[in-house]
Structures are given as C-alpha cells and as structure tokens.
Amino acid sequence: MGGPVMRNTIMTNPAFYYPPLPYTCNIPGGLAVHKNITMRGSIPKNANRFEISFMAGQDIALYINPRIKPWTYVVRNSLLNDQWGTEERDLPFNPFQPGKCFELSIRCGNHTFQVYTNGRHLFNFTYRYVPIERIQTIKIIGDVTLSYIKY
C-alpha cells in the first residue's frame, strides 16, 4: 500500500498476521530512534473507536484514539504518573473510516513519533516520555480488525 516493492528481502523483525483483539505484545527490542512499526487493518462498518497505546510499565507514552462515530477525529495523548497530558486532536483529515482499510506506520524520530496513514503524513507527537527505549509494550483494543503488525 503506497510503498516500493521489496524483492529478495529478508525480514529481520517479526510480523504478526491477524492478531486477535485485545492485542498486547512486547515490542521486540523496545522502541528506539529510527525504529518503525507498521500495522494494517480495517474499520468495521459499525465502528465507534479504537485505541493504540505504546507503554512503558503503566505509563502510556503515546495514545492514539481514532474516534469514528459520531466523531471524526483522532485523539493523541500520554498518561504519565497517572496523569493525562494535553490532548491533541487537530488534523487535516481522519483516515479511519467505517468499512475502509488502512495502513498505519509509526516512526521514531529524534524527538517525535512520526505517524503516517496510507503513505501520507498524519501527525507528529513530541516525546513526553524519555528515554523511549523503555517503551516496550503495545496494546490495541476497540473497533478494529488487524491483519498485520510488523516491528
């Protein structure tokens, strides 16, 4: 979806196909600058919302919460020391639509998570939790069907 064709490539990082929800998994090696996590899935026609949390222990370093019905926005936030941070919502579009497929890519930059959907930049989220290497768990719940997650 929207990327170059890779030939004769050996996958060195694990991929999980059709993981059941709720999905919780340790991120192999944890997060690090230049690490990329890609997931593909679809939004059921009757979906309301789903959540993706990147966690360090009980802290949520990056919380992505697409709200589909009756809202049409994507919440981003963090939960550190049992306190929610400032919520971010402004986006030019919401790529998560009922009955549609998506590809979501989260790239770890030097100071931000860089998030892309279907090959198009969606948002950056400045790190609120450092060091990012302690972010070692991903949790996904809600109204979404996952077909693929690659670490």
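This is a predicted model: local features need pLDDT of at least 70, side-chain atom pairs count only at pLDDT 80 or more; totals for chains, interfaces and linings use all residues.
At 11% relative accessibility, Glu103 counts as buried, where buried means under 20% relative accessible area, exposed over 50%, and partly exposed in between (1.4 Å probe, protein chains only). Residues are numbered from 1 along each chain as its sequence is written, and side-chain values use heavy atoms, with hydrogens and water left out.

**View 1. Arg40 and Glu103 form a salt bridge.** The closest N and O atoms of this pair are 2.6 Å apart; a salt bridge here is a side-chain nitrogen of Lys or Arg within 4 Å of a carboxyl oxygen of Asp or Glu. Distant parts of the chain are linked by the pair, since Arg40 sits in strand β3 (residues 36-42) and Glu103 in strand β8 (residues 101-108), 63 residues apart. Helices (H or I, at least four residues) and strands (E, at least two) are DSSP runs, numbered from the N terminus. While Glu103 is buried, Arg40 is partly exposed at 31% relative accessibility. By the salt-bridge rule, the count comes to 3.

**View 2. Glu87 meets Arg89 in a salt bridge.** Their side chains come to 2.6 Å, N to O. Glu87 is partly exposed, with a relative accessible area of 36%, and Arg89 is partly exposed too, at 38%.

**View 3. Glu88 pairs with Arg128 in a salt bridge.** Here the closest N and O atoms are 3.2 Å apart. The pair again links distant parts of the chain: Glu88 lies in the loop between β7 (83-84) and β8, and Arg128 in the loop between β10 (120-126) and β11 (137-142), 40 residues apart. Glu88 is partly exposed at 26% relative accessibility, and Arg128 is partly exposed at 28%.

**View 4. Arg67 is buried yet has no salt bridge.** Arg67 lies in strand β5 (residues 59-67). Its side chain makes a polar contact with the side chain of Asn65 at 2.6 Å. A polar contact is a pair of N or O atoms within 3.5 Å; within protein, one must be able to donate a hydrogen and the other to accept it, and residues adjacent in sequence count only if both atoms are side-chain atoms. Leaving aside neighbours within four places in sequence, Arg67 is in contact (heavy atoms within 4.5 Å) with residues including Asn48, Tyr73 and Arg89.

**View 5. Thr117 is buried in strand β9.** The strand covers residues 112-117, and the relative accessible area of Thr117 is 1%. Not counting residues up to four places away in sequence, Thr117 touches Phe93, Pro95, Phe96, Glu103, Leu104 and Leu122. Glu103 among them is the salt-bridge partner of Arg40 from the opening view.

Terms used. Lys and Arg count as positive and Asp and Glu as negative; His and the chain ends are not counted.
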